[in-house]
Amino acid sequence: MSGQPTVYVVDDDGAMRRSTCMILEASGFHYQAFESALMFLAEYQRGSPGCLILDLHMPGMSGMELLQKLVDEQVMLPVIVVSGTGTIPIAVQGMKLGVEDFLEKPVHPDTLLRKVGEALANDEKRRAESAELDTIRQHFANLTAREREVLQFIVDGLPNKLIARRMDISIKTVTNHRANLLEKGGAVNPADLLRLYMLINPPDAPVR
């Protein structure tokens, strides 16, 4: 899903929530504010670009519980925790859950805006990388069974002559398969083909 990046503010403290929104609005950021984690979950559309400014201690679902739920549902939204009661163990736990920054209340407006800008930039970069990987996966998904077999031999480091022998085909046919692999894979040369393959396949994984 694409669209304008949104800064989601989740804080049960009304005064703090309004203050944060005023800072964001004055700097031209698009935002949505929620007084509880459950309200945020009810409104957030999965895949929407942006970042989350989150308080930790809230009635109902806490900030840490919301973080865990986002992780469980694989929601890749950059999170900035803003809290007045954070501790080192909580900070460590939050980092394990993917929190980008911990800020202590009250936060200086310049610091908040800088961190929001960094979070949005990171979100944009991650989305671009994810889109690139999706394109690469689609390229490889279009390979024929024979081309996948040749690709696996290439990944294993076999030269054309040995590939031809293993597959009981001519070297010319192997060369043709290689050319098709470059074209379908969107690669400029064999080294680039391997690079693209390694981006979407862990070491020693079979060609999919």
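Helices here are DSSP runs of H or I, at least four residues in length, numbered from the N terminus. The model is predicted.

**Exercise 1.** Describe how α6 and α8 are arranged, and which residues meet.

*Solution.* 
Step 1. Helix α8 spans residues 171–185. The axes of α6 and α8 come within 10 Å and cross at roughly 95°.
Step 2. Angles of 65 to 115 degrees count as roughly perpendicular. α6 and α8 are therefore roughly perpendicular to each other.
Step 3. From α6 come R146, E147, V150, L151 and I154; they meet H177, R178, N180, L181 and K184 in α8.
Step 4. The residues of this contact divide into four nonpolar, two polar and four charged.

**Exercise 2.** Classify the ring pairs Y8–Y44 and F40–Y44.

*Solution.* 
Step 1. Rings pair if their centres lie within 6.5 Å. The count comes to five aromatic pairs.
Step 2. Y8 and Y44 are 5.2 Å apart, centre to centre, with 85° between the planes: edge-to-face.
Step 3. Y8 lies in strand β1 and Y44 in the loop between α2 and β3, so the pair ties together parts 36 residues apart in sequence.
Step 4. Y8 is buried at 4% relative accessible area, and Y44 is buried at 13%.
Step 5. The ring centres of F40 and Y44 lie 5.3 Å apart with planes at 25°, so this pair is stacked.
Step 6. Ring pairs link Y8, F34, F40 and Y44 into a cluster.

Technical notes
Residues are numbered from 1 along each chain as its sequence is written. This is a predicted model: local features need pLDDT of at least 70, side-chain atom pairs count only at pLDDT 80 or more; totals for chains, interfaces and linings use all residues. Side-chain values use heavy atoms; hydrogens and water are left out. Axes are lines fitted to C-alpha atoms, for helices over the stretch in contact, and angles run from 0 to 180 degrees between N-to-C directions. Helices (H or I, at least four residues) and strands (E, at least two) are DSSP runs, numbered from the N terminus. Angles under 35 degrees count as roughly parallel, over 145 as roughly antiparallel, 65 to 115 as roughly perpendicular and the rest as oblique. Contact means heavy atoms within 4.5 Å. Ala, Val, Leu, Ile, Met, Phe, Trp, Tyr, Cys and Pro count as nonpolar, Asp, Glu, Lys and Arg as charged, and the others, Gly among them, as polar. Rings of Phe, Tyr and Trp (its six-membered ring) pair if their centres lie within 6.5 Å; planes under 30 degrees apart count as stacked, over 60 as edge-to-face and the rest as tilted. Buried means under 20% relative accessible area, exposed over 50%, partly exposed in between (1.4 Å probe, protein chains only).
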